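Subject: Structure handover

Hello,

Here is the structure for your files. Notes on what was found in it follow below.

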Amino acid sequence: MYPAVLQLLTCPICSYPLTATADEKSCRCTGEKSHCFDFSKSGYLNLLCAQAKEGDSKEAIQARRLFLEAGYYQPLVEKILGILRQIPSHSLLDAGCGEGYYTNQFAVDGRGVLGIDLPKTGVDYAARRAKQLQNRAGFAVASVFQLPVADAGIDVITNLFAPCAEEEFSRALKPGGHLLLVGAGEKHLLGLKRAIYEHPYKNEGRADLPKTMELLDTVHLSYEITLESAEHIQALFSMTPYYWRTSPKDREKLNGIQTLTTEVEFDIFLFRKGQKL
Ligand SMILES: [Zn+2]
């Protein structure tokens, strides 16, 4: 793991800093008990103490990888990178990093990037990708509600389509640190919904926006995408929160569709933590 990223992590048991062992196969905390954690083959750390529900299934993660790597959401990445360039930062934590599609692209401009999420399959893939890219991103399995990082140690937290743990983010951010949240805009994937439902409804905005931080900016990004294969259409559908709520009869409507054009719309919110601790 990139040293500057490992430096951000703390022991999930006693909260002391972690340092790599001489053979770099594991790391130990500097606390009295010297707790030890092994790096996985791909290079991530499992810092989850209690058993937790994994969240996304393997299939869901694979579908998301297939869809994202086709580049449909690349304009979102560019937009976020543009915002991040305005904020001088050495450390960025991506809370709810999934399979690291965004996280690995945030590891530019000299900053160290730490990705945290629960599903091991996603984190493992993210770490393998970081190894290939030889970038400054590192990954750990942990909950965004219990981040294995020190108080007030992080410059920027990103939180894309993942639960906002406001209190925990506030603890982890430096005074004056930034939180960038992304949620689906109201017309996001309306074209996909039209193909499935008789009366497609618009999305409601994120209901979990922080209340104790200052909102600096809201950026809307919308454009159209055309999916040119049944595989991509199914992958996108399975990424949506309404996939599991759709009846088999409605799901079948997508079978046989080879091409689909839909709006995508994102709301990007930039918050700042107060200067006081
Ligand atoms: Zn420890």
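Cys-14 has a relative accessibility of 26% and therefore counts as partly exposed. In this predicted model, Cys-14 is one of the residues that coordinate the zinc ion, through SG. The other donors are SG of Cys-11, SG of Cys-29 and ND1 of His-35, and the distances run from 2.1 to 2.4 Å. Along the chain, the donors follow the spacing C-x2-C-x14-C-x5-H. Cys-14 and His-35 are 21 residues apart and link distant parts of the chain. Cys-14 sits in the loop between α1 (3–6) and β1 (18–20), and His-35 in the loop between β2 (26–29) and β3 (36–38).

The site of the zinc ion is tetrahedral, with angles of 102 to 118° among its four donor atoms. For reference, the ideal angle for four tetrahedral donors is 109.5 degrees.

Next, the aromatic rings. The count comes to 11 aromatic pairs. In one of them, the ring centres of Phe-67 and Tyr-73 are 5.1 Å apart and the planes stand at 80°, so this pair is edge-to-face. Both partners are buried: Phe-67 has 0% relative accessibility, and Tyr-73 has a relative accessible area of 4%. Tyr-223 and Phe-266 make a tilted pair, because their planes are at 45°, with the ring centres 6.4 Å apart. This pair links distant parts of the chain, since Tyr-223 belongs to strand β10 (residues 214–227) and Phe-266 to strand β11 (residues 260–272), 43 residues apart. Phe-266 is buried, at a relative accessible area of 0%.

Lys-193 lies over the face of Tyr-201, 4.5 Å from the ring centre, and Arg-251 lies over the face of Tyr-243, with 4.5 Å to the ring centre.

Glu-99 is in the loop between β5 (91–95) and α4 (101–106), and with 4% relative accessibility it counts as buried. What does the side chain of Glu-99 make a polar contact with? The partner is the side chain of Arg-64, at 2.8 Å. Beyond its neighbours within four places in sequence, Glu-99 is in contact with Ile-61, Arg-64, Arg-65, Leu-68, Gly-122, Tyr-125 and Ala-126.

Regards

Notes
Residues numbered from 1 in each chain as written. Predicted model: local features only at pLDDT ≥ 70, side-chain atom pairs only at ≥ 80, totals over all residues. Heavy atoms only, no water. Helix = DSSP H or I, 4+ residues; strand = E, 2+ residues; numbered from the N terminus. Buried < 20%, exposed > 50% of the residue type's maximum accessible area, 1.4 Å probe, protein only. Polar contact = N/O pair within 3.5 Å; in protein donor to acceptor, adjacent residues only side chain to side chain. Contact = heavy atoms within 4.5 Å. Phe/Tyr/Trp six-rings, centres within 6.5 Å; stacked < 30°, edge-to-face > 60°. Lys NZ or Arg CZ within 6 Å of the ring centre and 35° of its normal. Donors = N, O, S within 2.8 Å, 3.2 Å for Na, K, Ca; no water. Tetrahedral: all angles 85-135°; square planar, octahedral: opposite > 155°, others 65-115°.
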